[in-house]
Amino acid sequence: MNRLLHYFLNLRLKQKLVLTYIVLTFIPIIALGVYSYHQSNQYLHRQAMQGMKDTAGVMADKFNYKIGKYNNLTNLIVFNSGIQRIFANQYEDLDNLAYDLRHDLDPFFKMILTIDKEIAQLTVYSQNDLPEYGDYIQSYDRVKDTSWYKSSNKNTYSPGWYYEQGELLLTRKFPLFFTNGKYVLLCIKLRYADVFQDINPPDLNEYGIVITDSDHRVIFSKTTESGAQLSLKDAEASGIPEGIISLNGVDHFVIKSRMEQPNWTLYYYAPVAQMSPGLIQIVGATIVIIMLCLIVLMILIGLFSNTLLKQILVLNRTMRSVGDGNWDIVIPKGTKDEIGELAVRFDDMLRKIKELINEVYHNRLLQKEAELKVLQTQINPHFLYNSLSIINWKALHLGATDISHIVTTLSKFYRTALNKGESVTSVRSELNNMMAYLEIQLIMHDESFDVNYRIDEALYRCHTLNFILQPIVENAIEHGIDQKPEGRGLLIVTGALKEDNIEFIVEDNGPGMSKEQIASLFSTAAKGYGLKNVHDRIRLSFGDLYGVSAESNEEKEPECVLFCHTRYGT
């Protein structure tokens with residue numbers, strides 16, 4: 001060791017610098033090469049995953065379209081007046097029944113079966129005293145003990161999809177209003193292989209597919225060409241809905257896609273090696289790049305000078321100061337070479353960026369206001385108000401005061417929401433808009449929750465942004481009260497004037513939310529005109545100290561707090 005140190009000390013200065021740079025740069029270049037290989041590998045994986053996501057999305061969209069088609073078919077059958085008449089009438093003359101069956105039900109069902117070859121059988125199970133009519137009308141006694149029939153009985157009037165003993169069934173209840181209170185159930189039996197042929201093409205043998213229902217039961221399964229089979233246990237063991245898991249000792253990509261219409265889930269998987277080839281080429285390219293970098297560095301070592309390094313360090317310190325937020329820094333004047341020109345251009349760029357920041361801030365404010373106005377102008381106010389007035393008049397004429405109340409409340413809600421296209425409104429009008437919305441929600445929820453208002457009278461002389469409270473109470477209902485497993489819901493709306501600020505608090509007694517759920521409320525992926533849009537509008541109008549925040553923990557029920565400047569007016 002001492003001999004090596006002595007040898008190094010006796011070398012020429014240039015040799016010392018060259019040897020020092022070689023040692024100091026070799027390790028970073030090797031690390032960079034390994035990192036580049038890892039990043040390239042990850043890039044191939046991401047590309048393969050994206051391709052599989054696109055394919056799975058296309059499959060899910062096709063299946064959603066097909067499911068929607070059959071759901072619409074149930075509407076055509078259930079709301080067919082001729083068929084409703086058959087199950088609503090109490091036939092005393094069988095000739096009349098036979099005529100209705102031949103005239104309404106028989107040709108309609110035959111037409112459906114002829115047009116759509118994927119439908120194997122159409123059957124209506126009835127508790128009426130009607131005689132059975134082939135496969136078209138049968139007594140509920142035949143299927144009353146099956147699980148799908150019991151589940152359909154508990155279901156609402158929406159379509160229900162079931163997979164029982166190898167058969168794919170679609171059920172839909174007839175509204176009791178059209179069947180004299182008798183339970184009548186439509187059942188469509190579909191040909192299993194024909195329904196799933198779109199997601200099982202013969203040219204995708206290297207891929208595997210698993211489809212599960214909302215209870216995690218397997219409805220459809222297809223193994224890969226190598227025989228690898230994904231089980232739900234494997235998917236759950238991975239700890240993530242999609243990614244890489246091992247099947248039969250081989251890593252596989254797994255993609256998860258939701259089928260919204262029947263509330264099913266599609267798992268799509270394939271071997272990693274088959275989806276992302278070329279790792280050997282990546283290793284070879286990485287080694288070549290490392291060698292080239294070492295050669296280039298050897299050349300550049302002899303070209304660096306202290307003057308060049310000094311100017312670069314000065315410019316680097318200046319950029320770092322700007323990165324820390326010091327936009328008023330003065331760029332020192334350097335030499336007239338390229339580094340000096342770069343410093344001058346950086347100074348010009350810094351000045352232009354400061355101007356652009358102010359311009360973009362103003363444009364974002366205008367954009368948010370424009371988005372709200374576009375949302376408001378999507379509704380034709382005069383046509384909407386005239387239509388609601390006609391509905392209200394007819395409801396009063398018929399004595400339907402409950403319908404009149406709903407229509408009047410809805411009209412009030414849209415009138416205050418549109419606000420004649422203005423972005424600023426009075427607090428009284430904004431509260432009226434929120435209260436009208438809550439009245440509609442109470443009717444829709446069968447008065448299943450209570451609302452408590454605690455509004456400071458001083459607020460009514462103030463003005464604020466339009467359409468900011470309704471999205472907050474909507475989120476409180478959707479993520480709080482609607483998720484409450486038992487007990488009566490409670491919504492508390494508090495408004496107070498604190499110095500020159502307005503504070504609104506919306507609280508609910510729901511089950512609470514995790515930090516991830518709270519963060520998702522303010523994400524760009526949130527659906528509709530939600531909290532993020534309200535939050536952005538308030539901050540753009542009044543500054544970063546104001547906006548919307550949400551809290552939830554075990555001791556304290558979730559609440560959303562909104563801050564904004566007050567605006568006084570007559």
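A: Here is a walk through the sheet and the helix on it.

Quick housekeeping: this is a predicted model, where local features need pLDDT of at least 70 and side-chain atom pairs count only at pLDDT 80 or more, while totals for chains, interfaces and linings use all residues. Residues are numbered from 1 along each chain as its sequence is written, and side-chain values use heavy atoms, with hydrogens and water left out.

The sheet is an open one of five strands, ordered β2-β1-β5-β4-β3, with mixed pairing. Strands here are DSSP runs of E, at least two residues long, and helices are runs of H or I of at least four residues, numbered from the N terminus; two strands pair if DSSP finds at least two bridges between them. The edges belong to β2 (137–139) and β3 (160–164), each with a single partner strand, so one side of each has no neighbour in the sheet. From one strand to the next, the twist averages 30 degrees.

Now zoom in on β1 (residues 119–126) and β5 (residues 184–190): they run antiparallel and are joined by seven bridges.

Finally, helix α4 (residues 94–115) lies across β1 and β2, and runs at about 145 degrees to β1. Contact means heavy atoms within 4.5 Å. Axes are lines fitted to C-alpha atoms, for helices over the stretch in contact, with angles running from 0 to 180 degrees between N-to-C directions.
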